[in-house]
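User: I'd like to learn how to read the places where parts of a protein touch. Can you walk me through it?

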Amino acid sequence: MEIRPILASLRKHRIPTVLIVLEIALTCAVLCNAVFMIGQRVAAIRLPNAIDERNLSMVTLGGTDEKTSGSDIPRNLAALRGIPGVQSAAVVSTLPLSHNNWGWSFGTRPDASTFDKKTVNFSLFFLGEGAEQALGLRLLEGRFFNADDYAGSSFGSAPLPETHVTLVTRSVAERLWPGQSALGKTYYSMPHYYTVVGVVADVLRPNIGSQGEDWSYYSAFFPLSAGGSKGNLRRYVLHSAPGDRGRVMRAAEQKLAALNPNGVTKGMLYTDMRDQYFADMRSMAWMLVLVCAVMLAVTAFGIVGLTSFWVGQRRRQIGIRRAVGASRGHIMQYFQTENFLLSGAGVVLGMALAYGINLYLMRHYETASMPWYYLPVSAVALWALGQLAVLGPALRAAAVPPVVATRSV
Amino acid sequence: MFGYYLDLAWRSLKRTPILTGLMVLAIGLGIGASMTMLTVLHVMTDDPLPGRSAQLYTPHLDPLPLDHKRRGDGPDASDNLTWPDAMALLKAHRATRQAAMAGGSLLVRPGRTDLRPFYVDGRYATADFFAMFGMSFEHGSGWGAADDAAGARVVVLGETLARKLFGGADAVGRTVRLGDSDFRVTGVVADWAPQPMFYADASVKRYSDADQFFLPLSAAVDLKLDVNGNFSSWGQDHAETRMTSPTTTWLQFWAQLDTPMQVAAYRQYLADYSAQQKALGRFQRPPANAKLYGLMDWLAHENLVPNDVRLQLWLALGFLFVCMLNIVALLLAKFLRRSGEISVRRALGAGRRDIFVQLGIESALIGVAGGALGLLVAQLGLWSIRQRPDDYAHLAQMDGAMLLGTLVLAVLASVLAGLLPAWRACRVAPALQLKGV
C-alpha cells in the first residue's frame, strides 16, 4: 500500500486532519487516566478482609450508662445466643470499615512514644470474649486470647487498656519485624507495651484512607473484659448462616431494645456496611465508565462523519481510480490506511498527553502513578475503534461504481 | 436579514438530519456533563450566609510548639482554638459580637412511652451565637452572659426537634433530658442550616441538616458532654482534662466585625495577644502566625470541595472539549461541502461578512438545540448525583443563574466551534468553485 498519496491528500485537508488527530489524542489521554482511576477504585472496593463478612450481622447499642454497660454485657450476650440461628455472638469496640477508628502509634523500641516520627499508626480493635470466633478471624501463627487474657484486661484512666497481650495482622507483623516471626515480640508506646501472642490474616481498618494497601491493614486486637470495658464495647456481632442474617439481626435488635429500655439500638448486616463504605467510590467508578463510553462514541461518530464527508467529496476521484483498474479492496484499504495513520498520530500524541495528565494528577490529587501498560492498551483500543468507525464509510466508498468517472459531475 | 439567515440555516440543517443530530447530541452531552459538575461546584462553594458573610470573621492562633509536625493526612491542630484562648478572646470583647462553639451529638430521652431515645446533633455555644448569625426565634429567646458564666442548664431547640418532642405546644419553659442531664428550654429557633456549615469543625460532615439543640458551652464543659469534632493535643492530656487544657484545640470561634477599621484593629489585637502569650512562654511561634479569616476566605482555606468532585469537573470539561473538536471537524466538512452554494451567493454580491454571519447563525442554531438537550442531560446528571451517598448530594439543584448559564455556554461553545469553519468557508474563491458547478 502506497502511503504517499494519502499523506498528500491529508496535507491538502490540513485543518480537519489536525482536528481529528487532536480529538483522538484527547480521547486517548482521558481514556487512559479514567480507566486507570476505575481500576484503582475497583481494586479498593474488592480489598480482601479476613473475617466472615457474609455471615456477620451486628447491632450497636448506644446511650446506656457507662457504669452499668459493662455488667450488662453478659446478660445481653446470653439473650443474643438464645436467638435461633445464631452460631456465636460477641461484643467488640469497632469493626473494619465502620468509620469508627481508634488509632494509636507504636514502635519496636522500649522508649517509643506516640509523638515519635518512626512509630507506626495502627487501628485498635478491642474484643470481648469469643469475638475471634464470632468475627471469624483467621489465625496464621500463635494463638487467640485465652480466658486469663480476657479476665486480666480493663481500661484504667489511660487511653490504652491494661493488658500486655495482642494479636496483629500479617501486614503489621511484616511492617514492624520484616522477615522475622512476630510471635513473642513486643511493641511499645510509653508507658504501655504489648506482646504478640498471635498473627491473623489481614483485616481492614475502620477507615482505610489513601496511604496504600499495606496501610489499610494495620490493625491490632486487644482483649477486654466486660466489667473493665468502660463503655468501649458497644457493638454486638452475630455469626449466622448467610440466609439467617436478616432475621437474626432484627431479633437481636428487638431483644437488646427490650433489655435496655434507655438505649438506642441500630442493626445492620456487615455486607451492607461494607457496601455503604464504598458507595461513593462505586458511584465515581460508574460515572467514569459512563463518561468513557460516551466519549468513545462521540469520537467514533466524529470519525464516521468526517470520513463520510471525504468519501462524498472524492466520489469522482474514487470513480477514476476504479476505472483505471483499482479494485474495491484497494479503495477500502485507502480509507482504512488513512484512518490508521490518523489514529496513529492521535494515539502517539495521546499517550504523551495521558502521561502528562497522570503527572499532574499525581501532584495535585494524590493519584498513584499509572502503570506503563495502560498506554499501549488504550492506544490499541483507539486504533481498533478508528478502524471500526471507518468501516462504514469505507464500504460506501468501495461501492462507488467506475462509471462515475465518466460523468461530468 | 436575520430571519432569512435563520430560514437558510434551518433548511441546511434539515437537509443533513443525521449530521445535525450528531452535532446536537455531541454539544448536548458535553454541555450537560460540564454543567452538572459546574452546578455541583457552584452549590458547594456558594456563600452560606448571603448578606451577613462579609461581617463574619474567624480568628486563628498558633499555640503549637516549634517542633510540632502535622501527621500525614491528619487535621491541622491550629484550625481550632484551645479553651483558654477562646475564653480570653471572648472576654476581651473586641468585636461587635463573638462566640465560641463546638458541635455535639447527644442522646435525647423523650420521657414518653411512644418515643424511644434517639441521638440529635447540636451545638455548644456562647450567648452571642444567635444574634451574630442572625437566627430567628419562633418562641422565646437565647440565653444571656450570666447563664454562660454560671454554666446554666438551659437549651434552645430547633423547630424540628421541638415539634417532635412537644407537638404543637409551646416548648419554652419545658424540660428536655439531653445525655444524663435536664435542660430548661428558653427558646425555639427556626431550622437553620447554612450550606456548608461554615462554623463547624473541619473534620466532620459539613453539608448536613440543621443543628437541633444549642446549649451553653460552659455547661457542656462542666458535664463533659461528647464533642463531635477533632481534639488535637500536644501535651499529656487525659480525657478528663482535655476540654479546658491549654494544649488541646477543639473550639471554633467567630466574630462579627462591621467596619474595615474594626477588622484592622482585631488583626492587631490577635498579633498583640500572641506576642503577649509568647512573652509569657506559652506560645513558641511568631505572633505573625495569628490570622483573621473572612467567612469566604476561611471556606477557601479549608478547601471543602472533595478531590473527586474536582476530578469529575476536569473530566467533564475535557469531554466538552472533545465534543467541540468533533463539532468543529463536522461543521468544517459541512460548510466546505456547500462551497458551490456559497460561491453562487458570493457571485451574486454577498460579502464575506454576510457568509460569515449566515454560517455563524447556523452554528448558533445548533448551539440552542444542543443547549436545550444539555439542560435535559444536566437535570438527569444532577438527579443521579442526588442519589449518591455523599453529604453534599442533596444540594445538587440548578438555580436560575445556572439554567441560563447552561444555554449561554452551549451557544457560546457552538458559535466558537463554528468560527473556524465559517472563516474557512467564507474564504472560498467563488470563481474556482463556479467553474465546476
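Predicted model: local features only at pLDDT ≥ 70, side-chain atom pairs only at ≥ 80, totals over all residues.

Analyst: Let's go through the chain interface and then the domains. Residues are numbered from 1 along each chain as its sequence is written, chains are lettered from A and ligands numbered from 1 in the order in which they are written, and side-chain values use heavy atoms, with hydrogens and water left out.

User: How many residues of chain A are in contact with chain B?

Analyst: Contact means heavy atoms within 4.5 Å. Here, 46 residues of chain A touch 42 residues of chain B.

User: And what area is buried between chain A and chain B?

Analyst: The size of an interface is often given as the accessible area lost when the parts come together. Buried area is what two parts lose that way, taken with a 1.4 Å probe and summed over both. For chain A and chain B that comes to about 3,900 Å², with carbon and sulfur atoms giving 68% of it. A:L19, A:F309 and A:Y365 supply 16% of the area that chain A buries against chain B, more than any other three residues.

User: Which side chains meet in a salt bridge?

Analyst: A salt bridge needs a side-chain nitrogen of Lys or Arg within 4 Å of a carboxyl oxygen of Asp or Glu. The rule finds one across this interface: A:R41 pairs with B:D308, at 2.8 Å from N to O.

User: Which helices of chain A supply residues to the side that touches chain B?

Analyst: Helices are DSSP runs (H or I, at least four residues), numbered from the N terminus. On chain A, α2 (14–45), α9 (279–313) and α11 (328–365) each supply at least two residues to that side. The biggest giver is α9(A), with 17 residues.

User: How is chain B divided into domains?

Analyst: Domain bounds come from an automatic or database domain assignment. In chain B, domain 1 covers 2–45 + 306–436, while domain 2 covers 53–302. Their centres, taken over C-alpha atoms, are 49 Å apart. Each domain of chain B brings six residues to the contact between them.

User: What area do domain 1 and domain 2 of chain B bury between them?

Analyst: About 520 Å², with 59% of it on carbon and sulfur atoms. On the domain 1 side, B:M44, B:D391 and B:L395 supply 69% of the area buried against domain 2 of chain B, more than any other three residues.
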